[in-house]
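Please look over the sequence and the structure first.

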Amino acid sequence: MLTTISWIALIIGIISSAIIIVDITRHPQQMKVMNLVWPINGWFFGPFALWAYFKWGRLNAKGSEREDRRKTPAKVFVSTSHCAGGCTVGDAAGVPFVALTGFTIVGSTLFAHFWLNLS
């Protein structure tokens, strides 16, 4: 049951990320790093990332003439989402790296996972 739910969540995240990628190719962000952050957020936020991107992220697209009327919580979300994107990439790359290489610290793969996630 949990495996099925996990696959559904993964598929929803990939679809959300793909939709954001298509739009970003047409409307790139002013800050180049956000061209990567928004699709990565689609991996784990799914439909919420789509909603946030089209509501708040498109305000920062190059050539956007829409006025930025976001309140503080929205600005905090957007400004810190690059951190969440970096953590997601670290987890997505770190876990398979430890699993495939058998990397350990003091004989523990758990410590290796912690170290890679904190790096």
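α2 (34-45) and α4 (72-101) pack at an angle of about 70 degrees, with their axes 8 Å apart. That makes α2 roughly perpendicular to α4. The model is predicted: local features need pLDDT of at least 70, side-chain atom pairs count only at pLDDT 80 or more, and totals for chains, interfaces and linings use all residues. Residues are numbered from 1 along each chain as its sequence is written, and side-chain values use heavy atoms, with hydrogens and water left out.

**Overall make-up**

- The protein has five helices and zero strands. Helices (H or I, at least four residues) and strands (E, at least two) are DSSP runs, numbered from the N terminus.
- Read from the N terminus, the order of elements is α-α-α-α-α.
- Along the principal axes, the C-alpha atoms fill a box of roughly 55 × 30 × 25 Å.
- Of the 119 residues in the protein, 29% are buried. Buried means under 20% relative accessible area, exposed over 50%, and partly exposed in between (1.4 Å probe, protein chains only).
- Take the contacts between residues at least 6 apart in sequence: 53% of them join residues at least 24 apart. Contact means heavy atoms within 4.5 Å.

**Helix packing: α2 with α4**

- The crossing of α2 and α4 is left-handed. A crossing is left-handed if the near helix is turned anticlockwise from the far one by less than a right angle, and right-handed if clockwise.
- Axes are lines fitted to C-alpha atoms, for helices over the stretch in contact; angles run from 0 to 180 degrees between N-to-C directions.
- Angles under 35 degrees count as roughly parallel, over 145 as roughly antiparallel, 65 to 115 as roughly perpendicular and the rest as oblique.
- On the α2 side, the residues that meet α4 include Met-34, Trp-38, Asn-41 and Phe-45. On the α4 side, they include Phe-77, Val-78, His-82 and Ala-92.

- α1 and α2 pack at an angle of about 155 degrees, and their axes are 6 Å apart. They are therefore roughly antiparallel to each other.
- α1 passes α2 in a right-handed crossing. Among the residues in this contact are Gly-13, Ser-17 and Ile-20 of α1, and Asn-35, Trp-38 and Gly-42 of α2.
- The axes of α1 and α3 come within 8 Å and cross at roughly 20 degrees. That makes α1 roughly parallel to α3.
- The α1–α3 contact includes Ile-12, Ile-19 and Asp-23 of α1, together with Pro-47, Leu-50 and Tyr-53 of α3.

**Nonpolar core**

- The largest nonpolar core has 13 residues. Such a core is a set of buried Ala, Val, Leu, Ile, Met, Phe, Trp, Tyr and Cys residues joined through side-chain atoms within 4.5 Å.
- Ile-20, Trp-38, Trp-56, Phe-77 and Val-78 have the most contacts inside this core.
- α1, α2, α3 and α4 each give two or more residues to the core. α3 gives the most, with four residues.
- Leaving aside neighbours within four places in sequence, Trp-56 is in contact with Trp-51, Arg-70, Ala-74, Phe-77 and Val-78.
- In soluble globular proteins, nonpolar side chains tend to be buried together.

- Ala-49, Leu-50, Ala-52 and Tyr-53 are buried in α3. Their cover includes α1, α2 and α4.
- Phe-48 also lies in helix α3, yet Phe-48 is partly exposed, with a relative accessible area of 36%.
- Phe-48 and Ile-105 are 57 residues apart along the chain, and their C-alpha atoms are separated by 37 Å.

**Salt bridge**

- The structure holds one salt bridge. The term means a side-chain nitrogen of Lys or Arg within 4 Å of a carboxyl oxygen of Asp or Glu.
- The partners are Arg-58 and Asp-23, whose side chains meet at 3.2 Å, N to O.
- Arg-58 lies in the loop between α3 and α4 and Asp-23 in helix α1, so the pair ties together parts that are 35 residues apart in sequence.
- Asp-23 is buried, with a relative accessible area of 9%.
- Not counting residues up to four places away in sequence, Asp-23 touches Tyr-53, Phe-54 and Arg-58.
- Side chains of opposite charge can pair when their charged atoms come close.
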